[in-house]
Amino acid sequence: MHFFSYKEDELYAEDVPVRLLAEKYGTPLYIYSYKTLLRHFNAYNNAYKDFPHIVCYALKANSNGAVLRLLAKNGGGADIVSGGELFRAMKAGIPAEKIVYAGVGKKEEEIRSALMAKILMFNVESADELREIDRIAGKMRTKAPVALRINPDIDAKTHPYISTGMREHKFGISIDDALENYRLASRLKHIRVVGIQKHIGSQITKTSPFVDALKRILVLLDELNREKFDIKYLDIGGGLGITYVNEKPPVPADVAKKLLPLLKGRDITLIMEPGRSIVGNAGILVTKALYLKKSSGKEFVIVDAGMNDLMRPSLYEAYHHIIPIARKKRNMIMADIVGPICESGDFLAKGRKIAKVNKGEYLSVMSAGAYGMSMSSNYNSRPSVAEVMVNGKTHSLIRKRGTYEELISNENIPGYLR
Ligand SMILES: *Cc1c(COP(=O)(O)O)cnc(C)c1O
């Protein structure tokens, strides 16, 4: 559920016409709905309200400070994957004791800043990393709280690029090697084992992979308890899917209904790391149709948003609904909706049956809140897109459009070229 809908044939973001925002702030433009974000975040909190839990929002889905601030104010934690995300999370006021840190390639300075900040735990992805964290914590005369990220070898049944929980993936420690790695961790002086974590992939639209993965993890948890490990946190990762086309993913309460009975009576705090399911349908990308073109029987709608602004269609052949912000009776056409980037892979939709678009018209790319802006780049020297948050009738610029000056601000011309 989200708050982008037609009222009298005009697309609205909550109580504001999208046209007004496109005209005021320009295009391409990301628009987020405050109410949708809050509703999605609360869906998790409500689903798990009778069990100790922390919702650690996965920053990589959308790391705008206003989005983070909204979640922080409502009790949210953070799942981070870099020093930059740690910086953003702390700046937004997310308390360190609600921050978990994942990622296969944590660097020394990143580990050090996370230790300094006193985050809740590191989700460690290899024995090598475990030793490195131990070494750094030792130098800092402290103990690092860690969970091991366990790869339960469960097929998330999603796109191969966003599936992470099988043996052949680079993520986590194979469940077969888990005990051995926990024993190693317990021997390391500057490591404090506090948790267990898994994350099997993204855009998962069934409940069963979550159930199957948790069951495997619980077998391991029982073994760890027998070996007297003090596991306080069970981190079940993120990955819940959203509706892009006609998927019918479970809502957090559906998943909770299946998971909570498995956890009954266990003295642990549950951690979850949702990203997409909080922000995905809470954002749209508004773009302007610049040109219409027919070429050897094919129709192209050339818009001002490119693959650098929204990479998902090019990267995963992901589907996003694209609708005109003015609804009226029109003929349907079959077209490719493409951006201005000099790449054949630059498209928002391919062979799409879409309402006939007029030159100069605004279109809305739906469900663009997750892995949209956060994956964007300045390729083709295109300044970054502006972002707006709408709350009821209020709209606020939460990131201003980038400038040409910014594009070169970190560059330097060597003396011999001056
Ligand atoms: C990407 C990621 C998430 C969030 O995944 P979503 O599919 O956006 O919910 C959570 N945890 C980890 C470790 C991740 O890499």
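Author: Domain 1 and domain 2 bury about 790 Å² between them. Of that area, 58% is on carbon and sulfur atoms. Interface size is often stated this way, as the accessible area lost when the parts come together. Keep in mind that this is a predicted model.

Now the residues on the domain 1 side. By class, the side of domain 1 that touches domain 2 has three nonpolar, five polar and one charged residues. The count of salt bridges between domain 1 and domain 2 is zero.

Next, the layout. Domain 1 comes in two stretches of the protein chain, 4-31 and 280-407. Domain 2 covers 103-272. Nine residues from domain 1 and seven residues from domain 2 make the contact. The centres of the two domains, taken over C-alpha atoms, are 36 Å apart.

Look for S202 in the loop that runs between β11 (191-197) and α8 (208-226). Is S202 buried or exposed? S202 has 11% relative accessibility, so S202 counts as buried; the cut-off for buried is under 20%. What does its side chain meet? The side chain of S202 makes a polar contact with the side chain of R276, at 2.9 Å.

Terms used. Residues are numbered from 1 along each chain as its sequence is written. This is a predicted model: local features need pLDDT of at least 70, side-chain atom pairs count only at pLDDT 80 or more; totals for chains, interfaces and linings use all residues. Side-chain values use heavy atoms; hydrogens and water are left out. Domain bounds come from an automatic or database domain assignment. Contact means heavy atoms within 4.5 Å. Buried area is the accessible area (1.4 Å probe) that two parts lose on being put together, summed over both. A salt bridge is a side-chain nitrogen of Lys or Arg within 4 Å of a carboxyl oxygen of Asp or Glu. Ala, Val, Leu, Ile, Met, Phe, Trp, Tyr, Cys and Pro count as nonpolar, Asp, Glu, Lys and Arg as charged, and the others, Gly among them, as polar. Helices (H or I, at least four residues) and strands (E, at least two) are DSSP runs, numbered from the N terminus. Buried means under 20% relative accessible area, exposed over 50%, partly exposed in between (1.4 Å probe, protein chains only). A polar contact is a pair of N or O atoms within 3.5 Å; within protein, one must be able to donate a hydrogen and the other to accept it, and residues adjacent in sequence count only if both atoms are side-chain atoms.
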